[in-house]
Amino acid sequence: MIGLTAVLFNSHSIAFVPVEEAIQKRVEMFKTSKSNIKKLRQLIRSGDASKAVPLVDFHIKWSKEMPMLFPLGSEASTSNGSDASSDIWDNPVGFKNAINQYNLKSRELRKSLLSADSVLINQTFKSFAGTCKGCHKQFRN
Ligand code: HEC
């Protein structure tokens, strides 16, 4: 997170995050996302909903920063190790919508965790996790 913050503070607009750095950073963020969601699932299963709130805060923050790490020219190529589909740039509205869904479902999950209603928590966790899969289906190779 510290590295990403540095990138964002050093750059005045999306265009100033260099392509290689953006790819490296976003892959790192997605990896963190994966281990985070595993921990989240465990905490929810064991009924530790309130402890899960800080983990959800990561997703709320990441969903806001994500667009900055997809600069033009950073789609998957044979040399850059990225799996980002060119559809991200061919269908920017669709990609933005997928990010908005991720943000929305993260915030709904946070709210439900605070409510401590286990049925609601399970529902919102499912739709939250669905936004990862939904975006990957459309925008990851
Ligand atoms: C709005 C779209 C979007 C959302 C939402 C999204 N992802 Fe991804 N994810 C991507 C894209 C695009 C890539 C490929 C990035 C690249 O390789 O440059 C990716 C890559 C990944 C990777 C592979 C990283 C690697 O090792 O190369 C993991 C793991 C991952 N995402 C997990 C998640 C999880 C978990 C969530 C939900 C909590 C999530 N993603 C939500 C678009 C998304």
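Visitor: Which helix gives the largest share of the shell around the ligand?
Guide: H2 does, with eight residues. Helices here are DSSP runs of H or I with at least four residues, numbered from the N terminus.

Visitor: How many residues surround the ligand, and which are the closest?
Guide: 21 residues surround the ligand. Phe30, Ser82, Tyr102, Cys132 and Cys135 are the closest. Helix H2 (19-45), H5 and helix H6 (118-139) each give two or more residues to this shell.

Visitor: How do the shell residues divide by class?
Guide: Eleven are nonpolar, five polar and five charged. Ala, Val, Leu, Ile, Met, Phe, Trp, Tyr, Cys and Pro count as nonpolar; Asp, Glu, Lys and Arg as charged; the others, Gly among them, as polar.

Visitor: What kind of model is this, and how are residues numbered?
Guide: This is a predicted model: local features need pLDDT of at least 70, side-chain atom pairs count only at pLDDT 80 or more, and totals for chains, interfaces and linings use all residues. Residues are numbered from 1 along each chain as its sequence is written.

Visitor: What is the mean pLDDT, and where does pLDDT stay under 50?
Guide: pLDDT is the predictor's confidence in each residue, from 0 to 100. The protein's mean is 91, and 89% of its residues reach 70 or more. Over residues 10-15, pLDDT stays under 50. The model has six contacts beyond four places in sequence for that stretch. A contact needs C-beta atoms, placed from the backbone, within 7 Å.

Visitor: Why are H2 and H3 called roughly antiparallel?
Guide: Their packing angle is about 155°, with the axes 9 Å apart. Axes are lines fitted to C-alpha atoms, for helices over the stretch in contact, and angles run from 0 to 180 degrees between N-to-C directions. Angles over 145 degrees count as roughly antiparallel, under 35 as roughly parallel, 65 to 115 as roughly perpendicular and the rest as oblique. H2 and H3 are therefore roughly antiparallel.

Visitor: What makes a crossing left-handed?
Guide: The near helix is turned anticlockwise from the far one by less than a right angle; clockwise makes it right-handed. H2 passes H3 in a left-handed crossing. The contact includes Met29 and Leu40 of H2, and Leu55 and Trp62 of H3.

Visitor: How do you know that H3 and H5 are roughly antiparallel?
Guide: Helix H3 (residues 49-65) and helix H5 (residues 92-115) pack at about 160°. That angle therefore makes them roughly antiparallel. Their contact has ten nonpolar, five polar and three charged residues.

Visitor: Why does H5 count as roughly antiparallel to H6?
Guide: Their axes cross at roughly 165° and come within 8 Å. So H5 is roughly antiparallel to H6. This crossing is left-handed. Among the contact residues are Tyr102 of H5 and Cys135 of H6.

Technical notes. Near = placed C-beta within 6 Å. Contact = placed C-beta atoms within 7 Å.
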